[in-house]
Amino acid sequence: MHDPHYFDPLTGARHALGEARWCSEARTPLMISPLPGISRDDIDRGERSLWRYRAALPAAIERPVSMGEGGTPMVERAWGGLRPHFKLEWFNPTCSFKDRGAAVMLSWLRQIGIDAIAEDSSGNGGAAIAAFGAAAGMGVTIFAPAYTSSAKVAQIRAFGADVRLVEGPRENAETAAIEASARIFYASHNWQPFFLQGTKSIAYEMWEDFGFEAPDNVVIPAGAGSNVLGCAIGFAELLAAGQIKRLPRLFVAQPLNCSPVDASFQAGVDTLVARDVLPTVAEGTAIRQPVRLREVLQAIRASGGQTVAVPEADIIAAVRKLAAMGLYAEPTSATAAAALDRLRARGAIRDAERTVVLLTGTGIKATQFMTDLYSAA
(Lines give C-alpha, C1' and ligand atoms only; values in the text may rest on other atoms or scores of the structure.)
Protein backbone atom coordinates (compact mmCIF):
# COMPACT_ATOMS: atom_id res chain seq x y z
CA MET A 1 0.00 0.00 0.00
CA HIS A 2 1.45 3.34 -1.07
CA ASP A 3 1.73 6.26 1.31
CA PRO A 4 2.82 9.25 -0.80
CA HIS A 5 4.92 11.76 1.14
CA TYR A 6 7.79 14.21 0.84
CA PHE A 7 11.18 12.77 1.66
CA ASP A 8 14.72 14.07 1.90
CA PRO A 9 16.96 11.96 -0.40
CA LEU A 10 19.96 12.73 1.81
CA THR A 11 18.54 11.90 5.25
CA GLY A 12 15.38 9.93 4.55
CA ALA A 13 13.32 12.37 6.65
CA ARG A 14 9.61 12.27 5.77
CA HIS A 15 6.94 14.99 5.70
CA ALA A 16 3.23 14.88 4.93
CA LEU A 17 2.13 16.21 1.55
CA GLY A 18 -0.37 18.49 3.28
CA GLU A 19 2.42 20.54 4.89
CA ALA A 20 3.10 23.92 3.29
CA ARG A 21 6.70 23.02 2.57
CA TRP A 22 9.24 23.75 -0.18
CA CYS A 23 12.36 22.25 1.43
CA SER A 24 13.57 20.06 4.26
CA GLU A 25 14.37 21.24 7.76
CA ALA A 26 17.99 21.38 6.64
CA ARG A 27 16.98 23.53 3.64
CA THR A 28 17.75 20.80 1.13
CA PRO A 29 15.44 19.85 -1.76
CA LEU A 30 12.73 17.25 -1.17
CA MET A 31 11.28 14.64 -3.50
CA ILE A 32 7.94 12.83 -3.48
CA SER A 33 8.12 9.13 -2.66
CA PRO A 34 8.01 6.73 -5.64
CA LEU A 35 4.54 6.08 -7.03
CA PRO A 36 3.15 2.93 -8.67
CA GLY A 37 2.31 4.50 -12.04
CA ILE A 38 -0.81 3.93 -14.09
CA SER A 39 -1.99 1.82 -17.01
CA ARG A 40 -3.67 2.93 -20.20
CA ASP A 41 -7.03 2.13 -18.58
CA ASP A 42 -6.40 4.87 -15.99
CA ILE A 43 -6.14 7.64 -18.59
CA ASP A 44 -9.03 10.12 -18.54
CA ARG A 45 -9.65 10.12 -22.28
CA GLY A 46 -12.24 12.86 -22.02
CA GLU A 47 -9.55 15.32 -20.90
CA ARG A 48 -7.36 17.03 -23.53
CA SER A 49 -4.59 18.24 -21.23
CA LEU A 50 -2.01 16.76 -18.89
CA TRP A 51 -4.87 16.15 -16.47
CA ARG A 52 -5.76 13.06 -18.50
CA TYR A 53 -2.99 11.48 -16.35
CA ARG A 54 -4.28 12.81 -13.03
CA ALA A 55 -4.52 9.24 -11.69
CA ALA A 56 -0.70 9.24 -11.66
CA LEU A 57 -0.51 12.14 -9.18
CA PRO A 58 0.38 11.47 -5.52
CA ALA A 59 -2.90 12.95 -4.25
CA ALA A 60 -6.28 13.85 -5.68
CA ILE A 61 -6.64 17.46 -6.81
CA GLU A 62 -10.30 18.41 -6.78
CA ARG A 63 -10.21 21.70 -8.71
CA PRO A 64 -7.19 21.87 -11.02
CA VAL A 65 -5.92 25.23 -12.17
CA SER A 66 -5.79 24.46 -15.86
CA MET A 67 -5.57 26.29 -19.17
CA GLY A 68 -5.21 23.23 -21.38
CA GLU A 69 -1.51 22.66 -20.69
CA GLY A 70 0.08 19.50 -22.03
CA GLY A 71 -0.93 17.48 -25.06
CA THR A 72 1.81 19.12 -27.13
CA PRO A 73 2.56 17.75 -30.61
CA MET A 74 5.59 15.88 -31.86
CA VAL A 75 6.84 16.37 -35.39
CA GLU A 76 9.34 14.12 -37.13
CA ARG A 77 12.09 15.80 -39.15
CA ALA A 78 15.32 14.77 -40.82
CA TRP A 79 18.47 15.81 -38.95
CA GLY A 80 21.58 14.50 -40.60
CA GLY A 81 21.16 10.73 -40.72
CA LEU A 82 18.62 10.83 -37.89
CA ARG A 83 14.87 11.35 -37.95
CA PRO A 84 14.10 12.65 -34.46
CA HIS A 85 10.68 13.60 -33.16
CA PHE A 86 10.69 17.18 -31.90
CA LYS A 87 8.23 17.72 -29.04
CA LEU A 88 6.94 21.27 -29.33
CA GLU A 89 6.47 22.47 -25.79
CA TRP A 90 5.77 26.04 -26.89
CA PHE A 91 2.18 24.96 -27.55
CA ASN A 92 1.61 25.26 -23.80
CA PRO A 93 -0.37 28.32 -22.64
CA THR A 94 2.60 30.58 -21.84
CA CYS A 95 4.74 29.02 -24.58
CA SER A 96 7.06 26.81 -22.54
CA PHE A 97 7.13 23.42 -20.81
CA LYS A 98 7.07 25.06 -17.39
CA ASP A 99 3.30 25.41 -17.60
CA ARG A 100 3.10 21.69 -16.82
CA GLY A 101 4.82 22.00 -13.47
CA ALA A 102 3.14 25.31 -12.64
CA ALA A 103 -0.35 23.89 -13.24
CA VAL A 104 0.12 20.90 -10.94
CA MET A 105 2.15 22.69 -8.26
CA LEU A 106 -0.20 25.67 -7.94
CA SER A 107 -3.28 23.46 -8.06
CA TRP A 108 -1.93 21.57 -5.06
CA LEU A 109 -0.78 24.66 -3.18
CA ARG A 110 -4.16 26.34 -3.62
CA GLN A 111 -5.87 23.18 -2.41
CA ILE A 112 -3.90 23.22 0.85
CA GLY A 113 -4.75 26.88 1.45
CA ILE A 114 -1.86 28.92 0.06
CA ASP A 115 -3.03 32.17 -1.56
CA ALA A 116 0.20 34.10 -2.22
CA ILE A 117 3.50 32.88 -3.65
CA ALA A 118 7.00 33.96 -4.63
CA GLU A 119 9.25 32.53 -7.32
CA ASP A 120 12.62 33.31 -8.89
CA SER A 121 13.09 32.92 -12.61
CA SER A 122 15.05 34.08 -15.63
CA GLY A 123 11.88 34.06 -17.70
CA ASN A 124 9.84 31.03 -18.66
CA GLY A 125 9.32 29.75 -15.11
CA GLY A 126 8.24 33.18 -13.98
CA ALA A 127 5.77 33.50 -16.83
CA ALA A 128 4.26 30.11 -16.02
CA ILE A 129 3.96 30.81 -12.29
CA ALA A 130 2.54 34.30 -12.94
CA ALA A 131 -0.06 33.00 -15.41
CA PHE A 132 -1.25 30.06 -13.36
CA GLY A 133 -1.09 32.15 -10.20
CA ALA A 134 -3.43 34.64 -11.87
CA ALA A 135 -5.74 31.82 -12.95
CA ALA A 136 -5.73 30.50 -9.38
CA GLY A 137 -6.46 33.91 -7.87
CA MET A 138 -3.12 33.99 -6.04
CA GLY A 139 -0.87 36.94 -5.36
CA VAL A 140 2.44 36.43 -7.20
CA THR A 141 5.88 37.99 -6.74
CA ILE A 142 8.63 37.09 -9.20
CA PHE A 143 12.31 37.77 -8.51
CA ALA A 144 14.12 37.88 -11.86
CA PRO A 145 17.71 38.60 -12.89
CA ALA A 146 18.05 42.14 -14.22
CA TYR A 147 19.39 40.74 -17.51
CA THR A 148 16.17 38.80 -18.25
CA SER A 149 14.89 39.58 -21.74
CA SER A 150 12.35 42.38 -21.90
CA ALA A 151 9.86 40.16 -23.73
CA LYS A 152 9.83 37.65 -20.87
CA VAL A 153 9.54 40.37 -18.21
CA ALA A 154 6.65 41.94 -20.13
CA GLN A 155 4.85 38.60 -20.24
CA ILE A 156 5.25 38.12 -16.48
CA ARG A 157 3.99 41.63 -15.74
CA ALA A 158 1.03 41.17 -18.07
CA PHE A 159 -0.31 38.48 -15.73
CA GLY A 160 -0.33 40.93 -12.84
CA ALA A 161 2.73 39.67 -10.99
CA ASP A 162 4.95 41.97 -8.95
CA VAL A 163 8.34 41.70 -10.71
CA ARG A 164 11.47 42.43 -8.69
CA LEU A 165 14.57 42.71 -10.89
CA VAL A 166 17.75 41.61 -9.11
CA GLU A 167 21.22 42.68 -10.20
CA GLY A 168 24.02 40.16 -10.58
CA PRO A 169 24.08 36.48 -11.56
CA ARG A 170 21.03 34.20 -11.68
CA GLU A 171 21.72 32.94 -8.15
CA ASN A 172 21.06 36.39 -6.67
CA ALA A 173 17.41 36.21 -7.70
CA GLU A 174 17.07 32.85 -5.95
CA THR A 175 18.70 34.26 -2.81
CA ALA A 176 16.25 37.17 -2.79
CA ALA A 177 13.27 34.83 -3.20
CA ILE A 178 14.47 32.54 -0.40
CA GLU A 179 14.89 35.56 1.87
CA ALA A 180 11.30 36.55 1.07
CA SER A 181 10.07 33.02 1.94
CA ALA A 182 9.80 34.10 5.58
CA ARG A 183 6.70 36.11 4.64
CA ILE A 184 5.40 34.56 1.39
CA PHE A 185 5.39 30.90 0.29
CA TYR A 186 8.31 30.07 -2.01
CA ALA A 187 6.63 28.23 -4.90
CA SER A 188 9.88 27.50 -6.67
CA HIS A 189 9.90 25.45 -9.86
CA ASN A 190 13.37 24.29 -8.78
CA TRP A 191 12.52 23.39 -5.18
CA GLN A 192 8.84 22.51 -4.65
CA PRO A 193 8.42 18.79 -5.51
CA PHE A 194 4.92 19.03 -7.00
CA PHE A 195 6.43 20.89 -9.96
CA LEU A 196 8.08 17.61 -11.02
CA GLN A 197 4.69 15.90 -10.84
CA GLY A 198 3.66 18.20 -13.66
CA THR A 199 6.77 17.78 -15.80
CA LYS A 200 6.51 13.98 -15.56
CA SER A 201 3.42 14.23 -17.79
CA ILE A 202 5.81 14.60 -20.74
CA ALA A 203 6.84 10.97 -20.22
CA TYR A 204 3.23 9.82 -20.11
CA GLU A 205 2.45 11.71 -23.31
CA MET A 206 5.35 10.18 -25.21
CA TRP A 207 4.30 6.73 -23.99
CA GLU A 208 0.74 7.24 -25.20
CA ASP A 209 1.69 8.92 -28.50
CA PHE A 210 4.07 6.08 -29.39
CA GLY A 211 1.35 3.47 -28.97
CA PHE A 212 2.08 2.88 -25.27
CA GLU A 213 5.78 2.31 -25.80
CA ALA A 214 8.79 4.26 -24.61
CA PRO A 215 11.13 5.97 -27.06
CA ASP A 216 14.74 4.83 -27.16
CA ASN A 217 16.21 8.25 -26.42
CA VAL A 218 15.09 11.60 -25.06
CA VAL A 219 17.34 14.64 -25.56
CA ILE A 220 16.66 17.41 -23.06
CA PRO A 221 18.03 20.93 -22.63
CA ALA A 222 18.74 21.36 -18.93
CA GLY A 223 19.51 24.08 -16.44
CA ALA A 224 18.05 22.99 -13.11
CA GLY A 225 16.89 19.72 -14.69
CA SER A 226 13.15 19.64 -13.98
CA ASN A 227 12.46 18.07 -17.38
CA VAL A 228 15.18 15.48 -16.81
CA LEU A 229 13.71 14.52 -13.45
CA GLY A 230 10.17 14.67 -14.80
CA CYS A 231 11.05 12.20 -17.56
CA ALA A 232 12.93 10.00 -15.09
CA ILE A 233 9.99 9.94 -12.66
CA GLY A 234 7.34 9.36 -15.32
CA PHE A 235 9.15 6.54 -17.10
CA ALA A 236 10.14 4.92 -13.79
CA GLU A 237 6.46 4.84 -12.84
CA LEU A 238 5.52 3.30 -16.18
CA LEU A 239 8.23 0.67 -15.73
CA ALA A 240 7.00 -0.08 -12.20
CA ALA A 241 3.47 -0.44 -13.54
CA GLY A 242 4.62 -2.92 -16.19
CA GLN A 243 3.61 -0.57 -19.01
CA ILE A 244 7.05 -0.34 -20.63
CA LYS A 245 9.88 -2.85 -20.86
CA ARG A 246 12.82 -0.49 -20.31
CA LEU A 247 13.71 3.08 -19.52
CA PRO A 248 14.61 5.38 -22.41
CA ARG A 249 18.10 6.84 -22.33
CA LEU A 250 18.11 10.44 -21.12
CA PHE A 251 20.62 12.75 -22.81
CA VAL A 252 21.17 16.17 -21.28
CA ALA A 253 22.31 19.12 -23.40
CA GLN A 254 23.80 22.25 -21.86
CA PRO A 255 25.61 25.26 -23.31
CA LEU A 256 29.34 24.78 -22.83
CA ASN A 257 29.45 28.27 -21.32
CA CYS A 258 27.34 27.11 -18.36
CA SER A 259 27.46 23.35 -18.06
CA PRO A 260 27.70 22.14 -14.45
CA VAL A 261 25.72 18.94 -15.14
CA ASP A 262 28.07 17.97 -17.96
CA ALA A 263 31.15 18.83 -15.87
CA SER A 264 30.03 16.60 -13.01
CA PHE A 265 28.86 13.78 -15.26
CA GLN A 266 32.12 13.69 -17.20
CA ALA A 267 34.05 13.65 -13.91
CA GLY A 268 31.99 10.68 -12.71
CA VAL A 269 30.88 12.37 -9.48
CA ASP A 270 27.59 13.57 -7.97
CA THR A 271 28.96 16.86 -6.69
CA LEU A 272 29.58 20.18 -8.39
CA VAL A 273 32.75 20.32 -10.49
CA ALA A 274 34.36 23.68 -11.23
CA ARG A 275 34.10 24.84 -14.84
CA ASP A 276 34.33 28.37 -16.19
CA VAL A 277 30.98 30.11 -16.59
CA LEU A 278 30.55 32.62 -19.40
CA PRO A 279 27.53 34.40 -20.93
CA THR A 280 25.41 32.19 -23.18
CA VAL A 281 22.63 32.74 -25.70
CA ALA A 282 20.84 29.83 -23.98
CA GLU A 283 19.92 31.99 -20.98
CA GLY A 284 17.19 29.64 -19.80
CA THR A 285 19.77 27.02 -18.84
CA ALA A 286 22.33 29.39 -17.32
CA ILE A 287 22.21 27.91 -13.81
CA ARG A 288 25.60 27.55 -12.14
CA GLN A 289 24.56 25.37 -9.20
CA PRO A 290 21.46 23.22 -9.84
CA VAL A 291 19.82 22.47 -6.50
CA ARG A 292 18.98 18.89 -7.56
CA LEU A 293 22.30 18.18 -9.27
CA ARG A 294 22.76 14.85 -7.49
CA GLU A 295 19.31 13.56 -8.48
CA VAL A 296 19.71 14.76 -12.09
CA LEU A 297 23.05 12.96 -12.45
CA GLN A 298 21.63 9.79 -10.92
CA ALA A 299 18.70 9.90 -13.36
CA ILE A 300 20.99 10.25 -16.37
CA ARG A 301 23.20 7.36 -15.25
CA ALA A 302 20.28 5.09 -14.32
CA SER A 303 18.89 5.50 -17.83
CA GLY A 304 22.19 4.77 -19.55
CA GLY A 305 22.27 8.30 -20.93
CA GLN A 306 24.98 10.91 -21.35
CA THR A 307 25.57 14.66 -21.29
CA VAL A 308 26.70 17.08 -23.99
CA ALA A 309 28.20 20.56 -23.63
CA VAL A 310 27.42 22.58 -26.75
CA PRO A 311 29.52 25.56 -27.96
CA GLU A 312 27.72 28.84 -28.68
CA ALA A 313 28.29 28.64 -32.45
CA ASP A 314 26.61 25.23 -32.58
CA ILE A 315 23.59 26.49 -30.63
CA ILE A 316 23.15 29.40 -33.04
CA ALA A 317 23.54 27.08 -36.02
CA ALA A 318 20.84 24.82 -34.57
CA VAL A 319 18.49 27.80 -34.16
CA ARG A 320 18.91 28.51 -37.86
CA LYS A 321 18.55 24.86 -38.88
CA LEU A 322 15.36 24.42 -36.87
CA ALA A 323 13.87 27.63 -38.24
CA ALA A 324 14.67 26.50 -41.78
CA MET A 325 12.39 23.48 -41.21
CA GLY A 326 9.62 25.59 -39.69
CA LEU A 327 10.49 25.22 -36.00
CA TYR A 328 11.00 28.61 -34.30
CA ALA A 329 12.85 27.61 -31.14
CA GLU A 330 14.58 29.80 -28.59
CA PRO A 331 18.34 29.17 -28.19
CA THR A 332 17.83 27.30 -24.92
CA SER A 333 15.75 24.69 -26.76
CA ALA A 334 18.04 24.61 -29.78
CA THR A 335 20.84 23.39 -27.51
CA ALA A 336 19.15 19.97 -27.44
CA ALA A 337 18.90 19.85 -31.22
CA ALA A 338 22.56 20.84 -31.53
CA ALA A 339 23.49 17.94 -29.25
CA LEU A 340 22.10 15.43 -31.76
CA ASP A 341 25.12 15.71 -34.05
CA ARG A 342 27.57 15.06 -31.23
CA LEU A 343 25.56 12.16 -29.83
CA ARG A 344 25.32 10.52 -33.26
CA ALA A 345 29.07 11.01 -33.83
CA ARG A 346 29.75 9.27 -30.50
CA GLY A 347 27.49 6.37 -31.46
CA ALA A 348 25.29 7.12 -28.45
CA ILE A 349 22.24 7.60 -30.69
CA ARG A 350 21.71 5.44 -33.75
CA ASP A 351 19.77 6.19 -36.91
CA ALA A 352 17.20 3.41 -36.49
CA GLU A 353 16.31 4.37 -32.92
CA ARG A 354 13.29 6.40 -31.87
CA THR A 355 14.61 9.68 -30.51
CA VAL A 356 12.65 12.58 -29.03
CA VAL A 357 14.10 16.07 -28.67
CA LEU A 358 12.31 18.38 -26.24
CA LEU A 359 11.99 21.90 -27.63
CA THR A 360 11.04 23.60 -24.42
CA GLY A 361 10.27 27.17 -25.53
CA THR A 362 9.57 29.33 -28.56
CA GLY A 363 11.80 31.82 -30.31
CA ILE A 364 9.19 34.45 -29.53
CA LYS A 365 10.61 34.36 -25.97
CA ALA A 366 13.98 35.48 -27.38
CA THR A 367 12.73 38.24 -29.68
CA GLN A 368 15.79 40.48 -29.42
CA PHE A 369 18.20 37.60 -30.07
CA MET A 370 16.16 36.43 -33.06
CA THR A 371 15.86 39.97 -34.40
CA ASP A 372 19.61 40.47 -34.20
CA LEU A 373 20.34 37.04 -35.71
CA TYR A 374 18.10 37.53 -38.71
CA SER A 375 18.96 41.19 -39.23
CA ALA A 376 22.62 40.37 -39.76
CA ALA A 377 23.91 40.71 -43.29
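Reader: What makes helix α6 (residues 201-209) largely enclosed by the rest of the structure?
Author: 8 of the 9 residues of α6 are buried, so the rest of the structure largely encloses this helix. Buried means under 20% relative accessible area, while exposed means over 50% and partly exposed is in between, with a 1.4 Å probe and protein chains only. The buried residues of α6 are Ser201, Ile202, Ala203, Tyr204, Glu205, Met206, Trp207 and Glu208. After α6 comes Gly211, which has a positive phi near 70°.

Reader: What kind of model is this, and how are its residues numbered?
Author: The model is predicted: local features need pLDDT of at least 70 and side-chain atom pairs count only at pLDDT 80 or more, whereas totals for chains, interfaces and linings use all residues. Residues are numbered from 1 along each chain as its sequence is written, and side-chain values use heavy atoms, leaving out hydrogens and water.

Reader: What counts as a helix or a strand here?
Author: Both are DSSP runs numbered from the N terminus: a helix is H or I with at least four residues, and a strand is E with at least two.

Reader: Now to the sheets. Which strands form the open sheet of 6 strands, and in what order?
Author: The order is β4-β5-β13-β10-β11-β12, with mixed pairing. Two strands pair if DSSP finds at least two bridges between them.

Reader: Why are β4 and β12 said to stand at the edges?
Author: β4 (74-76) and β12 (307-310) each have a single partner strand, so one side of each is left without a neighbour in the sheet. Direction ignored, neighbouring strands of this sheet are turned by 25° against each other on average.

Reader: How do you know that β11 pairs with β12?
Author: Strand β11 (residues 249-255) is joined to β12 by 4 bridges, and the two run parallel. In this pair, Ala253 stands opposite Val308 in β12.

Reader: Which helices lie against these strands?
Author: Helix α7 (residues 226-240) packs on the sheet and touches β10 (217-221), β11 and β13 (355-359), with its direction at about 150° to that of β10. Helix α9 (residues 293-303) lies across β11 and β12, at about 135° to β11. Axes are lines fitted to C-alpha atoms, for helices over the stretch in contact, and angles run from 0 to 180 degrees between N-to-C directions.

Reader: Why is α10 called roughly perpendicular to α11?
Author: Helix α10 (residues 312-324) and helix α11 (residues 331-346) pack at an angle of about 100°, with axes 8 Å apart. Angles under 35 degrees count as roughly parallel, over 145 as roughly antiparallel, 65 to 115 as roughly perpendicular and the rest as oblique. That angle therefore makes α10 roughly perpendicular to α11. Residues making the contact include Ile315 and Leu322 of α10 and Pro331 and Arg342 of α11.

Reader: How do the residues of that contact divide?
Author: They divide into 8 nonpolar, 1 polar and 2 charged. Ala, Val, Leu, Ile, Met, Phe, Trp, Tyr, Cys and Pro count as nonpolar, Asp, Glu, Lys and Arg as charged, and the others, Gly among them, as polar.

Reader: What makes α10 roughly perpendicular to α12?
Author: α10 and helix α12 (residues 367-375) pack at about 85°, with their axes 12 Å apart. So α10 is roughly perpendicular to α12. Ile316, Val319, Arg320 and Ala323 of α10 meet Phe369, Met370, Leu373 and Tyr374 of α12 in this contact. The division here is 7 nonpolar, no polar and 1 charged.

Note on methods. Contact means heavy atoms within 4.5 Å.
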